Amino acid sequence: MSVSQQWQLFKILAAILHLGNISITTISKRSTDSDIKTEDEALQHTMTLLGLKSADFIKWICKRKIQTSNESVITPRDPKEATQSRDALAKFIYSQLFDWYVLIILFFKKKIPNFLKIQGL
């Protein structure tokens, strides 16, 4: 695995860890709609590491889009649903990262099969 690939791996792992620390609250005491403050340090770190825009992330974690045959409706999520959405995103990213890492290992194994036999892999 190249140094560049290692840094990509560490960068995505760090983003996943920060993603789990993003605080999801309600817009106000009277509302049940979820909100993420743009000043949230974990949000800023995650967006920097993943190269995403905070506004887009907040929109789709705190809201859901329901598509019907004729129209689409965007409705707010409550904090529990938004937290589940955030956690599902973290799990999806981790799953994709794991699959990518397995492919790297398999490529490496084909490239140097004798070394792996000596190491017992």
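Which helices each supply at least two residues of the nonpolar patch? H1 and H4 do. The structure is a predicted model, in which local features need pLDDT of at least 70 and side-chain atom pairs count only at pLDDT 80 or more, while totals for chains, interfaces and linings use all residues. Residues are numbered from 1 along each chain as its sequence is written, and side-chain values use heavy atoms, with hydrogens and water left out.

**Chain overview**
- The chain has 5 helices and 4 strands (DSSP runs numbered from the N terminus: helices are H or I with at least four residues, strands are E with at least two).
- Along the sequence, these elements follow the pattern α-β-β-α-α-β-β-α-α.
- Of the 121 residues, 23% are buried (under 20% relative accessible area; exposed is over 50%, partly exposed in between, with a 1.4 Å probe and protein chains only).
- Among contacts (heavy atoms within 4.5 Å) with a separation of 6 or more, 50% join residues 24 or more positions apart.
- The accessible surface (Shrake-Rupley method, 1.4 Å probe; for residues, only the protein chains shown count as cover) is about 8800 Å², and carbon and sulfur atoms hold 59% of that area.

- Beyond its neighbours within four places in sequence, Phe57 touches Leu19, Ile22, Ile36, Leu43, Met47 and Leu89.

**Helix H2**
- Ala42, Leu43, Thr46 and Met47 are the buried residues listed for H2.
- These residues lie on the same side of H2 because they cover an arc of only 125° around the axis (taken from the directions from the helix axis to the C-beta atoms).
- Glu41 and Thr48, on the other side of H2, are exposed.
- H1 and H3 are what the buried residues of H2 pack against.

**Nonpolar surface patch**
- Val3, Trp7, Phe10, Leu13, Tyr94, Phe98, Val102, Leu103 and Leu106 make a nonpolar surface patch of about 920 Å².
- Patch residues have over 30% relative accessible area and no salt bridge; like charges are joined within 9 Å, and nonpolar side chains (Val, Leu, Ile, Met, Phe, Trp, Tyr) within 5 Å.
- A salt bridge places a side-chain nitrogen of Lys or Arg within 4 Å of a carboxyl oxygen of Asp or Glu.
- H4 gives the most to the patch, with 5 residues.
- Leu106 is in helix H4, and counts as partly exposed because its relative accessibility is 44%.
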